[in-house]
Every structure is written in structure tokens, then in C-alpha cells.
Amino acid sequence: MTVIFWVLIVVCFALAFVGLMYPVIPGVLVLWGGFLIYQFGINHLELTWTFWGLQILFTVILFVADFIANSYFLKKYGSTKWGERIGVISILVGSFVFPPFGLLIVPFFSVLMTELLHKKSGKEAFAVALATVISFLSSSVAKAVIQLLMIAVFILYVVL
């Protein structure tokens with residue numbers, strides 16, 4: 001049974017990174033699923049309150065980094081509220097349309113069109129569309145790094 005639990009943990013960890021390409025998969029929640037499988041399926045005494053506190057801290061940092069990356073770029077380049085909304089929706093749609101390139105192409109063109117419809121100049125609309133793509137990429141990199149740290153902390157607690 002332990003082998004099955006370890007396979008599930010590895011699958012959870014892998015799915016967390018797949019969630020970077022398919023935003024409909026809640027990466028950090030799947031990662032927590034792996035931790036919980038270990039806690040309740042393998043060894044309920046090994047992961048301490050310190051471990052859980054660190055994971056909560058990393059989770060909060062992950063959400064804050066995601067929010068800051070997105071809002072910084074979009075506000076800096078003057079995105080409209082509709083541009084932001086369409087950007088979020090098109091990232092979800094783009095993850096299923098010609099992945100991984102759809103994650104960049106679909107949001108770029110949908111935000112570009114949205115901003116042009118909101119009377120932005122071509123240069124302004126292009127800047128906002130590019131900012132949408134940059135914010136998604138920077139957010140994904142930040143999430144990947146934080147998720148790797150979370151897994152590293154888990155491995156340290158399990159091994160040591």
C-alpha cells in the first residue's frame with residue numbers, strides 16, 4: 001500500500017506542474033494533496049507543525065506573487081477591467097487550444113482586440129496584450145519556483 005501512496009504523491013507533484021500549463025488544474029491544491037496523502041497514508045507523525053506552517057507560508061507567498069505579477073504588469077500598461085477579465089478567460093481557453101502556445105497566442109490576441117474595442121490606440125492595446133502574456137509567464141515562473149521549494153521542504157522533512 002505504501003508504494004501506491006508514493007505513486008499518488010509523485011502524481012500529485014507532477015500534476016502541480018502540469019497546472020502551470022493548464023490553469024484549470026489548481027497546482028498548489030494538488031501539491032497539498034500529495035502532502036496529505038503522505039500525512040494520512042504513510043506516516044502521520046513525520047510532518048510536524050513547523051512543516052505545515054512553512055507550507056502555509058509558501059502557499060500564501062504563491063498566491064501573493066501570482067496576484068502581484070498580474071496586477072503589476074496590467075496596471076502599469078493601463079489595462080481596462082475588461083482586458084483583465086478577457087485575459088483570464090483566454091488563458092484558460094488558450095491552455096486547451098494548441099498548448100503550450102495557446103497560452104500565449106490566445107490571451108495576446110483576445111486582449112489586443114478587447115483593448116482596441118475599448119478605444120485604445122494600437123500601440124497601447126499592443127502594450128497591454130504583451131503585458132498580459134508577460135504577467136502570465138512571470139507568474140508561472142514564480143509559481144514553479146515556489147512549488148519546487150515546497151517539494152524540497154517536503155523531501156527534507158521526509159528524508160531527515
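Predicted model: local features only at pLDDT ≥ 70, side-chain atom pairs only at ≥ 80, totals over all residues.
## A buried serine and the helices around it

The side chain of Ser79 makes a polar contact, at 3.4 Å, with the side chain of Glu115.

Where does Ser79 sit in the chain? Look for Ser79 in the loop between H3 and H4. Is this residue buried or exposed? Ser79 counts as buried because its relative accessibility is 14%, and the cut-off for buried is under 20%. If we set aside residues up to four places away in sequence, Ser79 touches Leu74, Glu84, Glu115 and Val128.

### The whole chain

Now step back and look at the protein chain as a whole. The protein chain has 160 residues, and 39% of them count as buried. Take the contacts between residues at least 6 apart in sequence: 71% of these join residues at least 24 apart.

### The nonpolar cores

Next, turn to the inside of the model. The largest nonpolar core has 22 residues. Those with the most contacts inside this core are Phe13, Leu31, Phe35, Leu47, Phe51, Met150 and Phe154. Which elements give two or more residues to the core? They are helix H1 (2-21), helix H2 (27-42), helix H3 (49-76) and helix H6 (122-159). H2 provides the largest share, seven residues.

Not counting residues up to four places away in sequence, Leu47 touches Phe35, Tyr38, Gln39, Trp52, Phe154, Tyr157 and Val158. There is also a second, separate core of seven residues, and Phe108, Leu112, Ala125 and Ala129 are among them.

Ile9, in helix H1, is another residue to look at. Ile9 is buried, because its relative accessible area is 1%. With residues up to four places away in sequence left out, Ile9 touches Gly34, Ile37, Tyr38, Ile42 and Phe154.

### The largest pocket

The model also has open space to explore. About 550 Å³ of space lies in the largest pocket. How many residues line this pocket? The lining has 27 residues, and Pro23, Asp66, Asn70, Ser139 and Lys143 lie nearest the centre of the pocket. Two or more lining residues come from each of H1, H2, H3, helix H4 (81-94) and H6. H6 gives the largest share of the lining, seven residues. By kind, the lining residues divide into 14 nonpolar, ten polar and three charged.

### Distances along the chain and in space

Two residues can be compared by their places in the sequence and by the distance between their C-alpha atoms.

| Pair | Apart in sequence | C-alpha to C-alpha distance |
|---|---|---|
| Leu29 and Phe63 | 34 residues | 12 Å |
| Phe73 and Leu130 | 57 residues | 9.2 Å |
| Ile9 and Tyr72 | 63 residues | 34 Å |

Leu29 lies in helix H2. Is Leu29 buried or exposed? Leu29 counts as exposed because its relative accessibility is 58%, and the cut-off for exposed is over 50%.

Phe73 is found in helix H3. Which residues is Phe73 in contact with, leaving aside neighbours within four places in sequence? They are Ala131, Ile134, Ser135 and Ser138.

### A lysine in a loop

Our last stop is Lys119, which lies in the loop between helix H5 (102-117) and H6. Lys119 is not a glycine, although it has a positive phi of about 70°. Lys119 counts as exposed because its relative accessibility is 74%. Compare this with Ser79, another loop residue, which counts as buried at 14% relative accessibility.

Note on methods. Residues numbered from 1 in each chain as written. Heavy atoms only, no water. Core = buried A, V, L, I, M, F, W, Y, C linked by side-chain atoms within 4.5 Å. Buried < 20%, exposed > 50% of the residue type's maximum accessible area, 1.4 Å probe, protein only. Helix = DSSP H or I, 4+ residues; strand = E, 2+ residues; numbered from the N terminus. Contact = heavy atoms within 4.5 Å. 1 Å grid on protein atoms, 1.4 Å probe; cavity = no way out; pocket = protein on both sides within 12 Å on 5 of 7 lines; lining within 4 Å. Points joined across faces, edges and corners; volume = space filled by probe spheres on them. Nonpolar A, V, L, I, M, F, W, Y, C, P; charged D, E, K, R; others polar. Polar contact = N/O pair within 3.5 Å; in protein donor to acceptor, adjacent residues only side chain to side chain.
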